[in-house]
Number of protein chains: 2
Amino acid sequence: MTALSPLAPAAFPTMPRLAGVRLASHACGIRYQGRTDLLLVEVEPGTQVAGVYTRSLTCSAPVEWCKQASAKGKGRLLIVNSGNANAFTGSAGIASVERTVAKAADLFDCKKSEVYVASTGTIGVPLSDEKITDSLAAARAKLADDAWAEAAKAIMTTDTFPKGATRTAVIDGHQVIINGIAKGAGMIAPDMATMLSFVFTDADLPHDVLQELLAKGADRSFNAITVDSDTSTSDTLLLFATAKVKHARITDAKDKRLADFKAKLFEVLLELAHQVVKDGEGASKFVEITVTGAAGNKAAKRIALAIANSPLVKTAIAGEDANWGRVVMAVGKAGEKADRDKLCIKIGGVEVARDGQVVPGYDEAPVTEHMKGRTIVIETDVGIGKGKATVWTCDLTHAYIDINGSYRT
Amino acid sequence: MTALSPLAPAAFPTMPRLAGVRLASHACGIRYQGRTDLLLVEVEPGTQVAGVYTRSLTCSAPVEWCKQASAKGKGRLLIVNSGNANAFTGSAGIASVERTVAKAADLFDCKKSEVYVASTGTIGVPLSDEKITDSLAAARAKLADDAWAEAAKAIMTTDTFPKGATRTAVIDGHQVIINGIAKGAGMIAPDMATMLSFVFTDADLPHDVLQELLAKGADRSFNAITVDSDTSTSDTLLLFATAKVKHARITDAKDKRLADFKAKLFEVLLELAHQVVKDGEGASKFVEITVTGAAGNKAAKRIALAIANSPLVKTAIAGEDANWGRVVMAVGKAGEKADRDKLCIKIGGVEVARDGQVVPGYDEAPVTEHMKGRTIVIETDVGIGKGKATVWTCDLTHAYIDINGSYRT
């Protein structure tokens, strides 16, 4: 068992009950012993669903299933297992998903297209789906509306803490709740960035509106974090809206009455994404990288990710070394326009380089002090235009290698 | 001092004298103590030069200088220092190069455009070029035609062994020599892949022919290796031809009489590139990755590099874990066409996965045995077309983090 991340929050948040959602976790022994590895969530009829998925071309069978299901936009069940990703398991993997979904739909008397499945863990090993389906009845008996922390625990793999976030928002004078959980440690990079995250609300919003909000929110949160530049085959972000709070009917994601809900949803997504980074395998520092002055926002994000994914930048941060020259290197390799002789870099708010060279009389002391902290802030202005982006990552430490050199053994 | 790489060759090769080339190394105290850090190479009048450089948009002042010089194609001097890259040093860096070149041209009575400079080491720190120029006369007094090993040592930074390769080739019935040296350990990725490499021949070939051969050779060697996906601001590959062997005049790189020379030049470049990987920071395994069945050769190379640069693949190799699922993941994130359900993977020549899943009755024992060796061979067929590519990398170990977490301190 890996030690708790030094970046872990003090505690799992207190998550309020959310009308129309009941959760249960169960130990079905897929890979882990002595812990839960199955999450069952039942949402009431009428629930609308949106999804954002990995862009991997070798995506897992569960991801393929969910893509089809969330296009229809209705949901009744979510079944998640940890320990086996059911990825690169060929036709056996697809059959495994289909058996799970069929049995669950039968047991809960719903349509197969209303059942969502997600799997996380080892790739390439056939999933014993009968361990899941044999456990469904027992899990159903445990369904409860206050089991959020246990739910977050059941989906963990190499995570060192369960991840949750909650907000209340107001739509048209009615208070709604947004609760989210997530898991993810290594193999974290944009498209999608977390392996699994599930967000629930009692708001009454149609699939199209949910989908638009979720896609936008993912871009600024899960798709703006990276641990090691590797993209999982299983990344899944689902948003369920149970429609239990009866506010005005809203059919446009740009409706002004959604402003507060949108802001709070984005907060939940960002908080979960940050927790994923803070539990990055071996992470000892949380790093925020902002790029301004790029040709456009996309260019800014690409430069920011080049910095965030650079092993040389990440190891320097692990070593508490204010080696800003490596930031320059990363800007140069990003492939986006930059003017070497206009480049400005700040670390911890202190200007280090300006106009392409170290600032006159540079005093490294305050920067070195900043590097010793838990949160490292790097700002780069590339001197070309008005594009900007912020991404988050962690440092690259010995523990990353320890964890990943022996994950299967 | 870092321990010798376990992948180091048994010895530096015996490099023959090469007519028209004399070398000297000198300790001028730029950063390192108790070792040489300056290489001076004098080539005789009439020498033709070709160059291939980093594609970094934040390239160093010496790279900018060499690009202009090698476009003219004539050479008399090469001056290389280690310990300071003179990169991201703004107008001071350019002035430093200009002073060095002017003083050298004066001392050796040649044109400034015939002087090549290269610097490797820390980025962002102004280079004390007077330490170099003050040493030129002393270095000149030491010029010798047999100082190849010393030359390779003077340009090392975190390298644990000096890198050299030599071949003889026949052009039009005349024997010519090709000698090359290189340095490079971290910050190694295509565009360019090594930090510095200098190759010399006594063949009589014009700039245009040399440039075409060098660019092609670099694509299959230095631009097909990666240690950590980071691209240096200083990567420089130069080829000097002293024209001392008087064979037939050849003006076309496709001339059949160049077949043997071309083959041997490519061998020298590849051997040097492999040595760079074998001295990758913290490397304990040399990894060859071949991708076949891609949509085209470029697609194959991009997929191969996605595998080679994946921290999860590299840490699994360090841990001697035959975690082929991570190869699948890397294929999926490469962004090139692949058919998950046609994907085949071999490790150490043993088929592990076929048609998108583990082979029936897969016996991991011979694969695990292969993973314990020093050279790891991974073959992936993506099942789409006829494109193929081979790239080389090393594993990602604790030593990489040790070296790069504290390089400057």
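This is a predicted model: local features need pLDDT of at least 70, side-chain atom pairs count only at pLDDT 80 or more; totals for chains, interfaces and linings use all residues.
How are H8(B) and H10(B) oriented to each other?

## Overall form of chain A

The secondary structure of chain A amounts to 12 helices and 15 strands. Along the principal axes, the C-alpha atoms of this chain fill a box of roughly 70 × 55 × 40 Å.

## Two domains and their contact

Chain A is divided into domain 1, which covers residues 21-278, and domain 2, which covers residues 286-404. The centres of these domains of chain A, taken over C-alpha atoms, are separated by 33 Å. Where the domains of chain A touch, 11 residues of domain 1 are in contact with 11 residues of domain 2.

On the side of domain 1 of chain A that touches domain 2 of chain A, the elements giving two or more residues are strand S8 (225-226) and helix H7 (259-278) of chain A. Of these, H7(A) gives the most to that side, with 3 residues. By class, the side of domain 1 of chain A that touches domain 2 of chain A holds 5 nonpolar, 5 polar and 1 charged residues.

## Helices H1 and H2 of chain A

Two packed helices are described by the angle between their axes together with the distance between the axes. Helix H1 of chain A (residues 61-72) packs against helix H2 of chain A (residues 90-108) at an angle of about 50°, and their axes are 8 Å apart. That angle makes H1(A) oblique to H2(A), and the crossing in which H1(A) passes H2(A) is right-handed.

From H1(A), the residues that make the contact are Ala61(A), Pro62(A) and Trp65(A), while H2(A) brings Gly93(A), Ile94(A), Ser96(A), Val97(A) and Val101(A). Divided by class, the residues of this contact of H1(A) with H2(A) are 6 nonpolar, 2 polar and no charged.

## Helices H9 and H10 of chain A

The axes of helix H9 (residues 311-318) and helix H10 (residues 325-333) of chain A come within 9 Å and cross at roughly 160°. Because angles over 145 degrees count as roughly antiparallel, H9(A) is roughly antiparallel to H10(A). The crossing in which H9(A) passes H10(A) is left-handed.

Leu312(A), Val313(A) and Ala316(A) of H9(A) make this contact with Arg326(A), Val327(A), Met329(A) and Ala330(A) of H10(A). By class, the contact of H9(A) with H10(A) has 6 nonpolar residues, no polar residues and 1 charged residue.

## Helices H8 and H10 of chain B

In chain B, the axes of helix H8 (residues 297-309) and helix H10 (residues 325-333) come within 8 Å and cross at roughly 130°. H8(B) and H10(B) are therefore oblique to each other, which answers the opening question, and their crossing is right-handed.

The contact is made on one side by Ile303(B), Ala306(B) and Ile307(B) of H8(B), and on the other by Val327(B), Ala330(B), Val331(B) and Lys333(B) of H10(B). By class, the contact of H8(B) with H10(B) has 6 nonpolar residues, no polar residues and 1 charged residue.

Methods
Residues are numbered from 1 along each chain as its sequence is written. Chains are lettered from A and ligands numbered from 1 in the order in which they are written. Domain bounds come from an automatic or database domain assignment. Two residues are in contact if their C-beta atoms, placed from the backbone, lie within 7 Å. Helices (H or I, at least four residues) and strands (E, at least two) are DSSP runs, numbered from the N terminus. Ala, Val, Leu, Ile, Met, Phe, Trp, Tyr, Cys and Pro count as nonpolar, Asp, Glu, Lys and Arg as charged, and the others, Gly among them, as polar. Axes are lines fitted to C-alpha atoms, for helices over the stretch in contact, and angles run from 0 to 180 degrees between N-to-C directions. Angles under 35 degrees count as roughly parallel, over 145 as roughly antiparallel, 65 to 115 as roughly perpendicular and the rest as oblique. A crossing is left-handed if the near helix is turned anticlockwise from the far one by less than a right angle, and right-handed if clockwise.
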